[in-house]
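Subject: A structure for you to look at

Hello,

Here is the structure I promised to pass on. Have a look at it first, and then read my notes below.

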Amino acid sequence: MLQIHTTQRLDQIEFGLRAAAERHGGSVLAASHVGELLRDEQGLKSGDAVSFTLCFSDLYAPLLRAEIRFAAFLPSRIAACTRGGIVVLEAVAPTEYCRLLHRPEIGPLAASLEEKLRQVMEEAARPAHPVAERLSTEDMVNMRAAVPQRIDCRGTKIEELAGTGVHDAQGG
């Protein structure tokens, strides 16, 4: 098991993981807040967890060519869990997959994926640069419950009338 401890908060980890994965030729496909599921079901008050699904397609292709059963373990997952105020990043070591599949000869291929996962986890665990926390990307925007523009039957935006009864600005 790969395990990295960090002083970062759980809500800061996603930004770091996305940036680190991209720097290493991968991407974060999904982030699932699984800790929320437990809290609702069992009334848990402490601890939280987020599961990240990462894709490194350039490393997956050789593994799948060598052993198609690797498909059961891919894409890679990293769990970020809070334990006593500390966030821990954990992932199953890809070399462990070789043992489970009784294919130790593919170990070197799995080792390259394992090293890449370790590098991404270590980078994500480092404290972020203060400017990086203020930056946002399109992936980080949540459009849930966004208010659409209101347009009347003549195509006029209600917001442009703003109490004057006429358009505030002329333009195209």
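**What I found**

Let me start with phenylalanine 52: leaving aside its neighbours within four places in sequence, phenylalanine 52 is in contact with Ile13, Glu14, Leu17, Val28, Ala30, Ala31, Ser76, Arg77, Ile78 and Ala80. Contact here means heavy atoms within 4.5 Å.

Before going further, a word on the source: this is a predicted model, in which local features need pLDDT of at least 70 and side-chain atom pairs count only at pLDDT 80 or more, while totals for chains, interfaces and linings use all residues. Residues are numbered from 1 along each chain as its sequence is written, and side-chain values use heavy atoms, with hydrogens and water left out.

**The sheet and its helices**

The strands form an open sheet of 5, in the order β1-β5-β4-β3-β2, with antiparallel pairing. At the edges are β1 (2-6) and β2 (27-32), each of which pairs on one side only. From one strand to the next, the twist averages 20°. Strands and helices are DSSP runs numbered from the N terminus (E, at least two residues, for strands; H or I, at least four, for helices), and two strands pair if DSSP finds at least two bridges between them.

β2 pairs with β3 (residues 49-55) in the antiparallel sense over 5 bridges. Phenylalanine 52 turns up again here, as the bridge partner in β3 of alanine 31. Helix α5 (residues 107-125) packs on the sheet, where it touches β1, β3, β4 and β5, and its direction makes about 10° with that of β1. Helix α1 (residues 10-23) lies across β1, β2, β3, β4 (76-83) and β5 (86-91), and runs at about 5° to β3. For these angles, axes are lines fitted to C-alpha atoms, for helices over the stretch in contact, and angles run from 0 to 180 degrees between N-to-C directions.

**The core**

The largest nonpolar core has 35 residues, and Phe52, Leu54, Phe56, Phe70, Ile78, Leu89 and Leu113 touch the most other members. The elements giving two or more residues to this core are β1, α1, β3, α3 (57-66), β4, β5, α4 (94-100) and α5. α5 gives the most, with 7 residues. Such a core is a set of buried Ala, Val, Leu, Ile, Met, Phe, Trp, Tyr and Cys residues joined through side-chain atoms within 4.5 Å. Buried means under 20% relative accessible area, exposed over 50%, and partly exposed in between (1.4 Å probe, protein chains only).

In α3, Leu59, Tyr60 and Leu63 are buried. They cover an arc of only 100° around the axis, so they are on the same side of α3; the arc is that of the directions from the helix axis to the C-beta atoms. The cover over the buried residues of α3 includes β3, β4 and α5, whereas the face turned away from the buried side carries the exposed residues Ser57 and Arg65.

**Salt bridges**

There are 9 salt bridges in the structure, each a side-chain nitrogen of Lys or Arg within 4 Å of a carboxyl oxygen of Asp or Glu. In one of them, glutamate 14 meets arginine 18, with the closest N and O atoms 2.9 Å apart. Both residues lie in helix α1, 4 residues apart, about one turn of the helix. Glutamate 90 is buried, at a relative accessible area of 13%, and its side chain meets that of arginine 83 in a salt bridge.

Best wishes
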